[in-house]
Amino acid sequence: MNLVDDTLVLDTPDGPALRGSECRDCGAHTFPRQDGCPRCTGSAMREVALARRGTLWSWTVQGFRPKPPYTGSAAYEPYGVGYIALPGQLIVEARLAEADPAKLEIGTEVELMFVPFRDDAEGRPVYTVGFVAVDHA
Amino acid sequence: MPEVAIVGIGMHRFGRTDGVSGRAQAVHAAREALRDAGLKFSDMQFGFGGSHSAGGADTLVSELGLTGLPFINVANGCATGGSALIAADAAIRSGQHDVGIVIGFDKHPRGAFATDPAEHGIGSWYGETGLMVTTQFFGMKIQRYLHDHAIDPAVLALVAEKSFRNGARNPMAWRRKEMSAGEIAAAPMISHPLTQYMYCSPGEGAVALVLCRADRARSHTGRPVFLAAAEFRSRRYGSFEVFAPWIASERAPSPTVEASAAAFESAGIAPSEVDIAQIQDTEAGAELMHLAETGLCADGEQEALIKAGATEIGGRLPVNTDGGCIANGEPIGASGLRQVYENVLQLRGDAGEHQVPGRPRAGFTHVYGAPGISACTVLTR
């Protein structure tokens with residue numbers, strides 16, 4: 001699959017997961033992975049797969065086509081954006097599969113998926129990471 | 001340790017001034033501030049200043065005067081003005097200098113700011129996929145806040161309505177036309193739950209302040225305003241800030257909570273003693289949240305305060321009396337200094353149609369910038 005940045009994701013036995021890091025000393029998580037720990041200021045981070053399911057912590061809908069560096073398709077459709085709480089790890093920001101404010105609610109259980117956001121030079125879709133409600137997955 | 005006073009204020013009207021560069025607006029503001037203080041640029045012992053998009057503040061000396069003074073550029077996003085002021089405060093309080101100038105100015109193109117993820121240490125995917133957008137963050141922060149504190153989203157339109165009402169009374173403001181809460185609520189949605197007129201816009205303008213040792217203030221002005229405190233903080237692990245691909249599960253207060261608490265403590269003034277407050281209102285939700293983050297009210301109390309008119313010019317706690325960012329726009333470098341300019345006008349009793357009644361004694365300012373910095377001041381007369 002044509003992903004916007006291959007370093008964002010890891011393959012796991014359960015399927016693709018976000019590639020994060022965890023501090024060996026204090027347990028803090030980050031996304032994407034980084035070498036310095038933002039919590040204890042140490043540098044003992046190791047790579048981990050982040051949880052594939054979580055709950056919607058907050059959300060909005062992007063109502064206008066952003067300026068560059070946004071590279072989304074020219075035919076603009078509003079898209080959902082949210083922060084998703086991954087239990088015991090962190091709260092991660094990602095695109096949402098849903099863009100209807102009436103259908104978005106804090107606390108909804110959501111699952112990792114890939115969402116297309118533009119086409120590449122050959123006309124194939126380029127994907128990024130996103131989340132979708134579990135009962136719609 | 002010397003105390004610090006503001007003895008001169010100058011401003012170039014905010015808004016859009018076609019054909020006048022940001023630098024020219026800054027020079028205008030500087031000359032106004034010097035004239036107000038009865039001083040010349042050659043009297044200045046230091047300068048601090050900045051702009052985001054209109055050039056290096058230090059280069060203004062080619063127009064103001066080549067006197068050899070140390071002039072340092074400051075860049076801290078929307079908190080640039082607040083940061084310049086803190087640097088000036090320290091320069092005087094430390095005894096290094098007796099008198100100097102701070103200058104903030106900017107001139108931005110129309111539309112939302114475009115920001116490069118690399119400048120924030122974030123991968124390019126973040127911008128490419130449409131997450132590097134400040135308006136989204138504001139939508140998500142207020143969405144969560146309204147949920148956590150069971151606040152009626154309808155107050156957001158009331159906040160913006162007040163901003164336009166105050167701006168209409170302020171000759172230096174950009175937006176000088178009143179707008180009803182109904183019109184504001186019905187405007188196009190930018191990032192749910194915030195509509196077009198709940199957001200401020202990037203704009204143009206300049207502000208300059210002349211500061212000196214407080215014990216010499218009365219030789220420059222009959223009405224000095226004292227900088228009782230100026231404090232600055234950046235974000236801690238667990239605070240929820242703009243341009244963050246992730247945040248920690250454990251919540252920490254925003255930098256505003258710490259910066260404002262430090263400012264009140266250092267000034268020896270309680271939030272309940274504040275007579276006027278200028279607080280960062282990049283959008284209506286920011287004013288709502290910052291009211292509590294600064295300690296001016298409790299979380300969840302805002303809905304009742306706003307609906308009762310407490311934050312109006314005639315209310316118990318007038319907020320953003322010049323129309324705030326919503327009516328003035330946000331020239332990044334000048335924004336924090338505009339708040340101080342407004343409080344000085346108010347404490348002098350010179351605010352004209354937007355003057356707060358009852359001779360205010362204590363003013364508070366709060367400027368917030370990406371990616372999680374906050375600068376607060378307490379001013380007294």
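Biologist: Which strand of chain A does Ser58(A) lie in?
Modeller: This is a predicted model, in which local features need pLDDT of at least 70 and side-chain atom pairs count only at pLDDT 80 or more, while totals for chains, interfaces and linings use all residues; side-chain values use heavy atoms, with hydrogens and water left out. Residues are numbered from 1 along each chain as its sequence is written, and chains are lettered from A and ligands numbered from 1 in the order in which they are written. Helices (H or I, at least four residues) and strands (E, at least two) are DSSP runs, numbered from the N terminus. On that numbering, Ser58(A) belongs to residues 53-62 of chain A, which are strand E5.

Biologist: Is Ser58(A) buried or exposed?
Modeller: Relative accessible area (1.4 Å probe, protein chains only) sets the class: under 20% is buried, over 50% is exposed, and anything in between is partly exposed. Ser58(A) has a relative accessible area of 0%, so the residue is buried.

Biologist: Which backbone oxygen does the side chain of Ser58(A) reach?
Modeller: Contact here means heavy atoms within 4.5 Å. Leaving aside neighbours within four places in sequence, the contacts of Ser58(A) include Tyr83(A) and Ile106(A), and also Gln143(B) and Arg144(B). At 2.7 Å, the side chain of Ser58(A) reaches the backbone oxygen of Met140(B).

Biologist: How much area do chain B and chain A bury between them?
Modeller: Buried area is the accessible area (1.4 Å probe) that two parts lose on being put together, summed over both. The contact takes 43 residues from chain A and 36 residues from chain B. Carbon and sulfur atoms carry 61% of the buried area, and the total is about 3300 Å².

Biologist: Which residue of chain A meets Glu250(B) in a salt bridge?
Modeller: A salt bridge is a side-chain nitrogen of Lys or Arg within 4 Å of a carboxyl oxygen of Asp or Glu. Two salt bridges are counted between chain B and chain A. In one of them, at 2.9 Å from N to O, the side chain of Glu250(B) meets that of Arg39(A).

Biologist: Which element gives the most residues to the side of chain B that touches chain A?
Modeller: Across this interface the rule finds 20 residue pairs in polar contact, both residues being at pLDDT 80 or more; a polar contact is a pair of N or O atoms within 3.5 Å, where within protein one must be able to donate a hydrogen and the other to accept it, and residues adjacent in sequence count only if both atoms are side-chain atoms. On the side of chain B, two or more residues each come from helix H4 (124-128), helix H5 (134-148), strand E5 (189-191) and strand E9 (246-248) of chain B. With seven residues, the element that gives the most is H5(B).

Biologist: Which residue in E9(B) stands opposite Val92(A)?
Modeller: Two strands pair if DSSP finds at least two bridges between them. Strand E7 (residues 90-96) of chain A and E9(B) run antiparallel and are joined by three bridges. Opposite Val92(A) stands Trp246(B).

Biologist: Which residue of E2(A) is the bridge partner of Thr12(A)?
Modeller: Strands E1 (residues 9-12) and E2 (residues 15-23) of chain A run antiparallel, with four bridges joining them. E1(A) and E2(A) form a hairpin with two residues between them. The bridge partner of Thr12(A) is Gly15(A).

Biologist: How many residues apart in sequence are the parts that Glu111(A) and Arg53(A) tie together?
Modeller: Glu111(A) and Arg53(A) form a salt bridge, with the closest N and O atoms 3.5 Å apart. Glu111(A) lies in strand E8 (residues 109-119) of chain A and Arg53(A) in strand E5 of chain A, so the separation of the parts tied together, in residues, is 58.

Biologist: Which residue of helix H9 of chain B pairs with Lys141(B) of helix H5?
Modeller: The salt bridge of Lys141(B) spans 3.0 Å, N to O. The pair ties together parts that are 152 residues apart in sequence, because Lys141(B) lies in helix H5 of chain B and its partner in helix H9 (residues 284-293) of chain B. Both partners are buried. The partner is Glu293(B).

Biologist: Is Asp148(B) buried or partly exposed?
Modeller: Asp148(B) forms a salt bridge with Arg144(B) at 3.3 Å, and both lie in helix H5 of chain B, four residues apart. Arg144(B) counts as buried at 17% relative accessibility. Asp148(B) has a relative accessible area of 43%, so that residue is partly exposed.
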